[in-house]
Amino acid sequence: MIKATITDTELSAQLSSVEPDGLKIFTMADGRVRGAIFHGTRFVNQLRAQHKLGILETYILGQASLCAALIIPMMKDLEHISIRFECKGAADGYSVEADSTGYVRGFLYNEHIPVTKELENWNLDPFLGPGNLTFSRIHKDDKYPQSSTVDVDGNNIAKDFATYYAQSEQVNTAFHSSIQFDKQGRVIGAGAMYVQVMPVTGGTAKLGAQVDSHVEATMDDAKLLQKVENAFSACPSLGLLYSEKQVDSEDIVIGLFREFNPSIIMTRDIIFDCPCNEDYYIHYLRTLPKDQLDDIRKNGPDPLEITCRNCGSMYHIPVEKI
């Protein structure tokens, strides 16, 4: 990826004054609940700079990318996941990818969304609306990805991700994501969080017990789930919190989930990045049919201009290199 430079000096000053980006993984309730919180202010600003996005476009792709970043700590071994949302709204949908090595990339199907009237809120229904959300996972040795699709409302991206996990993975998972803009439309704070209640896997309530603990475990799960949901619902805008100086992710987790004794177990770097490079596109161009290559060599253009859809990087490749 050719990294775009953020040239806004006021924005750069804001970014240097807030907590560094990072994803913190935590567990609580004696391991029954796991989650992660991601500070992604620089992350969202980078994706915006890469694709040269407006405010609405940044909000949509930023939300989808923040939620995709939260999938990384749920991955097993070396894994890559592609998330596609297709709809009939003005945005057409989005495609984001997350890799277990720690990068996220993605794009909007329509990067110039028409807006006919002033926005009153961040309800995305007019721009996305009902559609299909598809998760495709591929592991290191897989020949083909494993895909699953669910129908979602499309008016709140975080809730759409939760719907996917409830229906396809059958795991109670809550997502929260937010992006804070200043009066000039700069992204001054961005973050996301998920919590997931892990299912009970067999056994009995006490070692050697003569009764099945399934009913008791179900009742306990319902109580735990309700308490966690209540605490999670109390989470203020992470984008707003991260826009303020001296705000720490660990303090947010402890403040929200104190009664469950949360513990941060790992911190990871997550960046908006793409493995594309000039050599990749040169190799691709060399695979074109001979008549097309001959036409390019004869009629140009020279250099060839190729833009990576996933990250917005623009490559200028001299014809002599192919």
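**Asn 310 and the sheets around it**

Modeller: Start with Asn 310, which lies in the loop between strand 12 and strand 13. The model is predicted.

Biologist: Why is Asn 310 called buried?

Modeller: Its relative accessible area is 14%, and the cut-off for buried is under 20%. The value falls below the cut-off, so Asn 310 counts as buried.

Biologist: Which residues does Asn 310 touch, leaving out those up to four places away in sequence?

Modeller: They are His 51, Glu 97, Arg 105, Gly 106, Phe 107, Phe 272 and Cys 274. Thr 163 gives another reference point: Asn 310 and Thr 163 are 147 residues apart in sequence, with 25 Å between their C-alpha atoms.

Biologist: What makes strand 12 and strand 13 a pair?

Modeller: Four bridges join strand 12 (residues 304–307) to strand 13, and the two run antiparallel. Two strands pair when there are at least two bridges between them, so four is enough. One of the bridges sets Ile 306 against Tyr 315 in strand 13. The two strands form a hairpin with six residues between them, where Gly 312 has a positive phi near 80°.

Biologist: How do you know that the side chains alternate along strand 13?

Modeller: Tyr 315 and Ile 317 point to one face of strand 13 (residues 314–317) and are buried.

Biologist: What is the strand order in the open sheet of six strands?

Modeller: The order is 7-6-3-4-5-11, and the pairing is mixed.

Biologist: Why are strand 7 and strand 11 said to stand at the edges?

Modeller: Strand 7 (146–152) and strand 11 (271–272) each have a single partner strand, so one side of each has no neighbour in the sheet.

Biologist: How do you know that strand 3 and strand 4 pair, and in which sense?

Modeller: Seven bridges link strand 3 (residues 79–87) with strand 4 (residues 93–99).

Biologist: What joins strand 3 to strand 6?

Modeller: Nine bridges join them, in the antiparallel sense. Phe 85 stands opposite Leu 133 in strand 6 and opposite Tyr 94 in strand 4. Strand 3 and strand 4 also form a hairpin with five residues between them, and Asp 92 in the turn has a positive phi of about 70°.

Biologist: What makes strand 3 "mostly covered"?

Modeller: Seven of its nine residues are buried. For helix 3 the count is 16 of 17.

Biologist: How does the reach of helix 3 compare with the expected span?

Modeller: Helix 3 (residues 55–71) reaches 25 Å from its first C-alpha to its last, close to the 24 Å expected for its 17 residues at 1.5 Å a residue.

Biologist: Why are helix 1 and helix 2 called roughly antiparallel?

Modeller: Helix 1 (residues 9–17) and helix 2 (residues 41–51) pack at about 150°, with their axes 10 Å apart. Angles over 145 degrees count as roughly antiparallel, so the term applies to these two helices. Leu 11, Leu 15 and Ser 16 of helix 1 meet Thr 41, Arg 42 and Asn 45 of helix 2. By class, this contact has two nonpolar, three polar and one charged residues.

Biologist: What is the order of the open sheet of five strands?

Modeller: That sheet has the order 8-9-2-1-10, with antiparallel pairing.

Biologist: What makes strand 8 and strand 10 edge strands?

Modeller: Strand 8 (173–181) and strand 10 (263–268) each pair on one side only. The twist of this sheet averages 15° from one strand to the next. Within the sheet, seven bridges join strand 1 (residues 22–28) to strand 2 (residues 33–39), and Leu 23 has Phe 38 in strand 2 as its bridge partner. Helix 7 (residues 249–257) lies across strand 1, strand 2, strand 9 (187–197) and strand 10.

Biologist: How many helices and strands does the chain have?

Modeller: There are nine helices and 13 strands. Of the chain's 322 residues, 49% count as buried.

Key. Residues numbered from 1 in each chain as written. Heavy atoms only, no water. Expected span 1.5 Å × (residues − 1). Buried < 20%, exposed > 50% of the residue type's maximum accessible area, 1.4 Å probe, protein only. Axes fitted to C-alpha atoms, helices over the stretch in contact; angles between N-to-C directions. Parallel < 35°, antiparallel > 145°, perpendicular 65-115°, else oblique. Contact = heavy atoms within 4.5 Å. Nonpolar A, V, L, I, M, F, W, Y, C, P; charged D, E, K, R; others polar.
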